Amino acid sequence: MVGCTSAPQTPQIAVYLDESKPMDERVEDALQRMTLREKIDIIHAQSKFSSPGVERLGIPELWCTDGPHGIRPEVMWDEWDQAKWTNDSCTAFPALPCLAATWNPDMSAKYGKAIGEEARYREKDVLLGPGVNIYRTPMNGRNFEYMGEDPHLSSKMVVPYIQEVQKNGVAACVKHFALNNQEIERHAVNVVVDDRALYEIYLPAFKAAVQEGGAWAIMPAYNRYKGQHCCHNQYLLNDILKGEWGFDGATISDWGGVHDTKEAALHGLDLEFGSWTNGLNWGASNAYDMYHMAMPYMKMIESGELTTKALDDKVRRVLRLIFRTAMNTKKPFGSMNNEEHLEAAREIAGEGIVLLKNDNNVLPFDLNKQKNILVVGENAIKMMTVGGGSSSLKVRKEFTPLDGIKLYVGDKANIIYERGYVGDVTGEYNGVKSGQDLSENRSAEQLIADAVAAAQKADAVIFIGGLNKKEGQDCEGADRSELGLPYGQDAVIEALAAANKNLAVINISGNAVAMPWIEKVPSIMQGWFLGSESGNALAKVIFGEVNPSGHLPFTFPVKIEDNAAHAVGEWPGKEDVHYNESIFVGYRWADKEQIKALFPFGHGLSYTTFAVSEPTISKNSIKEGGKLTIKCKVTNTGNREGAEVVQLYIGDHESSLPRPVKELKGFKKLHLAAGESGVAEFTITDEDLKFFDDKRHEWVAEAGSFTAYIATSAEEILHQVDFTLK
Ligand code: BGC
């Protein structure tokens, strides 16, 4: 009997479906099976947040979600209104400046893991975040989605976030590449910046995201650079991202950021998404075919105006993205709203809260002594997860500061609340409503009088104010209208300071604010937008269960003119915006001009004290390709546990091009029990000494003498040690 002896046939699986095959082979196999129309379809959106796969070949759709602080609720297929799902509420994590303020990459990993699991559970393939645009000015309305002013800090903090998200088979889409530093005229403004500032300040975090984090996707920004929109920018996307950095992932346009088919085809955009149905204006329905990367692109290929070379490169990148995410059968299932995620949100918030000032150790409040505690301010009762633009969330539960304080205190003390001022009484974004009605009938004078009367009787007063997510404050699409606090809060704070000496002011914001009352208030804390666990995290710090260990990821200037973009640069720009300050951003400018900050970059206090020993240096000189180490002993000299962030800055004494006085090149966060010591050890290589030589278009380290500064902020230098590069 013929056939009885032959082995049973196993069905042949197509190469592109075979996960044991190398990625590139799979991509080529899928590519050669696709028709021109299928290639065109896969590179543009089919709905607000999805792009099609290839139905015929069983290649699935790609689903995106905002990002970067939690998983956005489901919107309609073709509209921004809510889809009214009932299973799409999420855990809100602290806003990214808070994460950066932890100065703890382990917190980034925790954040990435938890948000990645939530994205995965909701079956999303691409998380639109994190954001790493440099904090150029406190007026930028989107700073609350970014990681501060320093390229080294944001580079170190972004990498673990990406790596942990992507372990879930969810791509991190790092945004907004690049120079996206204002919301006013964000679709039109053209940034004029020199190459040194571009490479030394604005690009490093993106480079780290790609080369160290292995990001699978990058979102080019809305603004223009060298006259081209970033979403189709030869210099940024082809030359730098894909050329110099070797990025093998896909670029996903910011929503509606594409303006020209030919440029998009040739200048490195891979996937087009839109805010407007037809990619051009509002309102036409089912017009995704009109996207620049849809029929207009196909027509140019059919007419011979463009070849399929660039198209095939885009399709390869999108296929790779789909294979890494939607078609990855080994990925975990994810999870949502579990205790571990809430715990992560609480812990990150607790580590990111920054104690800015604490005269007479007013904080922490002591529930054994302070039995009548007054809480004042709208931000004590306002939900902050709704609003602010695309990062707005629908949370399972948000503990406001007042909720958290009451829960924590229980019956140990009497908590009284007074409004103090009225700001924004509702909260709504794209149909998600906070459900809060904070309207109030009393006049501004009466509100202050009532708060003062209560403060006079209280043992301690906590003012919780700052900014919110309304347009003109920390919000996408518009920038801030002033550095000062809105809604007359300064007057409330002044009045409270006069009424009670046990006053703590907690500023909730994603940005620096002016504090004209600083001398009158003994204790000030930076609270951020802290997400679901906001109140619980704050209460633990206010009452001392958690010892604050956050340090500022950006400078708080005394006045706006102290910021370089406002002193010598331009902001906001209308057509062109000139970054005249060049590399002198944040503390680099303050150092150069010897401007004392209200609170400097890197600043943060603790309820305990630390001593940092004189550093020891392994050798006094370093050769090309060599390294040296600097160590110091850090001791917790107080009587409770706490954490100190030791910062290493390096200054170059002679160089052929201007350099900052010093730049952050390392940091270590040490958690120490009372009396315990640890070692902060830093390795310095010649890479840390380089600057970007714009004439040679390369990073160079010039021989000469350098100083390493051991510091606890850009202004608090504890020790310094010199060395040379031979
Ligand atoms: C924002 C992006 C966001 C996208 C999708 C845009 O307006 O700039 O950050 O990811 O919308 O919501």
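Across the interface of domain 1 and domain 3, zero salt bridges are found, a salt bridge being a side-chain nitrogen of Lys or Arg within 4 Å of a carboxyl oxygen of Asp or Glu. The model is a predicted one, in which local features need pLDDT of at least 70 and side-chain atom pairs count only at pLDDT 80 or more, while totals for chains, interfaces and linings use all residues. Residues are numbered from 1 along each chain as its sequence is written, and side-chain values use heavy atoms, with hydrogens and water left out.

The same interface has seven residue pairs in polar contact, both residues at pLDDT 80 or more. A polar contact is a pair of N or O atoms within 3.5 Å; within protein, one must be able to donate a hydrogen and the other to accept it, and residues adjacent in sequence count only if both atoms are side-chain atoms.

An automatic or database assignment gives domain 1 (15-81 + 89-324), domain 2 (353-551) and domain 3 (608-725). Between domain 1 and domain 3, about 1,400 Å² is buried, 61% of it on carbon and sulfur atoms; this is the accessible area (1.4 Å probe) that two parts lose on being put together, summed over both. In domain 1, Trp103, His152 and Arg196 lose the most area to domain 3, together 49% of what that side buries.

Turning to the ligand, an oxygen atom of this molecule lies 2.6 Å from a polar side-chain atom of aspartate 254. For glutamate 476, a side-chain N or O atom is 2.8 Å from a ligand oxygen, and for arginine 72 the distance from a polar side-chain atom to a ligand oxygen is 3.2 Å.
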